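Colleague: I would like to learn how to read a few features in a model like this one. Please take them in turn.

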Amino acid sequence: MRYTDFRTILTEAKVGREYQHLEDLVFAEGSAGAMRAADVLEKLGSDSGDVAIKWDGNPTIYWGREPDGQFVMVGKNGWGKNKSTSADDLSRFIQNSGKGVDEEPWRKDFGTEMAEVFNVLQGATPPSFRGYVYGDLLYSPRKPFKSAEGAVQFTPNKVTYTVKNESELGGRIAKSKVGVVVHTKFDEWGSKTGAPISDVKELNNDSAVVLGQTYVTHQPKVDTSSVKAIRQLTSKVGPVIDKFIAGVPGLSNPAEIIYRYVNNTSKAKNLDNLENGFFDWLAQSKVSKGQQAKLAAMNEEMPKALPSIFGLVKQVMAAKDDIIDQLDSADADVKATTAGERGGEGYVALGDKIKLVPRTRWQPN
């Protein structure tokens, strides 16, 4: 099999999610992905115009209007399944879901909160609006924003956001009851295919602050020597990386296993040891013994492949983290902190569909 054939196979493999972590491109797309990561880094150093805040909202909600104008709002587990067309409908659905309110008493307050959110968003959604949007709740009457020294603050999940009162957004928040950040619009109920949405002005009123993409205003600088080093190493080790990730009969997608390993290592806060822990993790994983044996044989045949993959991942991550640090420390209307430390969940490069997440300090729930 020729080197170019490995590249064709890699384009067919599916690893991760629609928005990839920048460093995951190394094993999700092989050498072409590593070069693409370098391209993204280079671009970020001259044009950050499509980089937006990755809001850490909670919970996820869907709302909008039916073709006949009927307002509908549901949580993530109701999308495409249960249409709540009134605040009472939604509250009852929440309280009767799961194990019910008797065994999960928190459902009562949560149902009441979502009923209030339903009423506010219904009032803010024009009668002429059609379709649905999905987003994450930032604050609500049950979990409101707070005043804090010339700013408003809210903590929807793990990240605390501080917004200057003097800013346009801060002034709007101060008058409102509910805040939501919206990601996608769907034309039909239950659809799995939506389009990113940025212009959400029509969904706002004094009581509801509905945000589309919130773009950064700071232009970071990129260390060109680090990008050059990524390109040089990729040129050197690209063929062996692509051959390894292309797999063998009975193991068609090694990249998916590597993806799970990197995620696990990130959650364990052990990324510094990324190069050394793969086979220890593999032995304790749910990967079949047969596939484990194939990976071991591939590693014996191509001993430089895994160290090269993980080395490139760490190089890309280091360059990305430097950009995140610059954006986190820049003066901005919205500041994020996590457990008292500067920074939030990170950013999204929308045009490239890339997540810029500080995985050394940020782990998902």
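Modeller: Keep in mind that this is a predicted model.

Colleague: In what order do the strands of the open sheet of four strands come, and with what pairing?

Modeller: As a general idea, strands of a sheet pair through backbone hydrogen bonds, in a parallel or an antiparallel sense. Here the order is 1-15-14-2 and the pairing is mixed. Strand 1 (20-21) and strand 2 (51-53) are the edge strands, each with pairing on one side only. Strand 14 (residues 347-349) and strand 15 (residues 354-356) run antiparallel, joined by three bridges. Across from valine 348 is lysine 355 in strand 15.

Colleague: In which sense do strand 9 and strand 11 pair?

Modeller: Strand 9 (residues 178-186) pairs with strand 11 in the parallel sense, over four bridges. Leucine 211 in strand 11 has valine 181 opposite.

Colleague: Which residues of strand 11 point one way, and which the other way?

Modeller: In strand 11 (residues 208-211), Ala208 and Val210 point one way, while Val209 and Leu211 point the other way. All of these are buried.

Colleague: At what angle do the axes of helix 8 and helix 9 cross?

Modeller: The axes of helix 8 (residues 224-246) and helix 9 (residues 254-267) cross at roughly 100 degrees and come within 7 Å. Angles of 65 to 115 degrees count as roughly perpendicular, so helix 8 is roughly perpendicular to helix 9. The contact brings Phe244, Ile245 and Ala246 of helix 8 against Pro254, Ala255 and Ile258 of helix 9. By class, the residues of this contact of helix 8 with helix 9 are six nonpolar, no polar and no charged.

Colleague: Now a single residue. Why does lysine 83 count as partly exposed?

Modeller: Buried means under 20% relative accessible area and exposed means over 50%. Lysine 83 has 37% relative accessibility, so it counts as partly exposed. Lysine 83 is in the loop between strand 4 (71-75) and helix 4 (87-96).

Colleague: What is lysine 83 in contact with, leaving aside its neighbours within four places in sequence?

Modeller: Lysine 83 is in contact with Glu66, Val72, Val74 and Trp189. With glutamate 66, the side chain of lysine 83 makes a polar contact of 2.6 Å. For a pair 107 residues apart along the chain, take lysine 83 and glycine 190: their C-alpha atoms are separated by 9.8 Å.

Definitions and conventions:
Residues are numbered from 1 along each chain as its sequence is written. This is a predicted model: local features need pLDDT of at least 70, side-chain atom pairs count only at pLDDT 80 or more; totals for chains, interfaces and linings use all residues. Side-chain values use heavy atoms; hydrogens and water are left out. Buried means under 20% relative accessible area, exposed over 50%, partly exposed in between (1.4 Å probe, protein chains only). Helices (H or I, at least four residues) and strands (E, at least two) are DSSP runs, numbered from the N terminus. Two strands pair if DSSP finds at least two bridges between them. Axes are lines fitted to C-alpha atoms, for helices over the stretch in contact, and angles run from 0 to 180 degrees between N-to-C directions. Angles under 35 degrees count as roughly parallel, over 145 as roughly antiparallel, 65 to 115 as roughly perpendicular and the rest as oblique. Contact means heavy atoms within 4.5 Å. Ala, Val, Leu, Ile, Met, Phe, Trp, Tyr, Cys and Pro count as nonpolar, Asp, Glu, Lys and Arg as charged, and the others, Gly among them, as polar. A polar contact is a pair of N or O atoms within 3.5 Å; within protein, one must be able to donate a hydrogen and the other to accept it, and residues adjacent in sequence count only if both atoms are side-chain atoms.
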